[in-house]
Amino acid sequence: MPNAQCPIPHSQKMRSYSLIAPAKINLYLEIIGARLDGYHELAMILQSIGLADEIDVRSISTDTIRVYCNHPQVPTDKSNLAYQAAELMVRQFPEAFAKYGGVEITINKQIPVAAGLAGGSTNAAAVLVGIDLLWKLGLTQSELEELGGTLGSDVPFCVAGGTAIATGRGEQLSPLPSLDSIYIVLAKYRSLEVSTAWAYKTYRQQFGHSYIRDSDNLTARANAVHSGVIVKAVLDKDAREIARKLHNDLERVVLPDYPQVLQLREVFANQEGVLGTMMSGSGPTVFALFESQQQAEQVKLQVRKAILDEDLELFVTRTITHGIQVASSI
Ligand code: ATP
């Protein structure tokens, strides 16, 4: 990316979009096997939640990409997924870049980092949506999702969000009817991180012998999730049944190595009003589901009392029906 100061014509009006970028949880995560491309074949149910970052995307009068973030653990260089999303748009749409100039991205981080909540992925999705608007490209949802898939497996889901089955690497999406207002408590130790790459590598080492290997069976098994019990519970909007069928294969490797995560699971499981509890993605965030906000608030207090550790962050949120949304534009 050139760094030269290259003013764009005054006739091009500066514009700025403020976007809401929600986190996700996994209601279901099954590792089916290994793919020829080295990734895992997955069957997941992904759910957007109210906890969200705010992303401002603004045209600037130089041909550069700049990223600012209020969170010290989040890089602002090319390793930031939001930066990579902007770079992708520059590569894909050089004429629009020449016409509208560079982009400044400001991330107001509320989603815990390296938490299994798709924080980086939802930021990248917001930048794709924001630049599409800034540059008046008129991309469709599926075009945005396809671009997102080149950045990371969770990015396509984050574009439209809501509730969806995700197969393949997680990029093949089948929307499900929206689930709104299941209340959630999220628990994460601020200084505890689990590397997604480590979790999958360890899973492969320990359980790779049981992987399905031939491609027809891989696809058949991935498709079976569509008629599985948890999808039926989602279709029935039955929060109790969804909570009973929560599943995450990665717990098999993360819980034995991270006793704090296991402890959170156990503390949640013993609270009144908890419909079900599970680790999200590769962790270390643990979530619990509730029928009412009052129950969720109550259990948040109980967990705070049970685990007297200032490093533990707790959030009350709920399922939502959307992904990236425009909050305002100037
Ligand atoms: P996923 O659920 O998709 O596996 P995650 O929630 O576990 O993701 P992220 O919050 O995306 O993890 O952070 C993973 C790593 O990515 C962090 O260590 C961080 O340094 C880096 N990163 C790059 N860009 C971002 C971003 N925009 N927001 C957060 N982290 C980012």
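What volume does the second largest pocket have? About 150 Å³, and I'll come back to that one in a moment.

Hi everyone. What you have above is a predicted model, where local features need pLDDT of at least 70, side-chain atom pairs count only at pLDDT 80 or more, and totals for chains, interfaces and linings use all residues. Residues are numbered from 1 along each chain as its sequence is written, and side-chain values use heavy atoms, with hydrogens and water left out.

A word on terms. A pocket is an open set of points on a 1 Å grid over the protein atoms alone, where a 1.4 Å probe fits, with protein on both sides within 12 Å along at least five of seven lines; lining residues have an atom within 4 Å of a point. Volume is the space filled by probe spheres set on the points, which are joined across faces, edges and corners.

Now, the largest pocket holds about 1000 Å³ of space. Its lining has 41 residues, and closest to the centre are L81, A118, S121, D154 and T196. Domain 1 (10-177) and domain 2 (183-318) both contribute lining residues, so this pocket lies between them; those bounds come from an automatic or database domain assignment. Helix α3 gives the largest share, four residues. Helices here are DSSP runs of H or I, at least four residues, and strands are runs of E, at least two, numbered from the N terminus.

Back to the second largest pocket: 13 residues line it, with Q141, A160, G161, A164 and P175 nearest its centre. At least two residues each come from α4 (141-149), α5 (155-160), β5 (163-168) and β6 (172-176).
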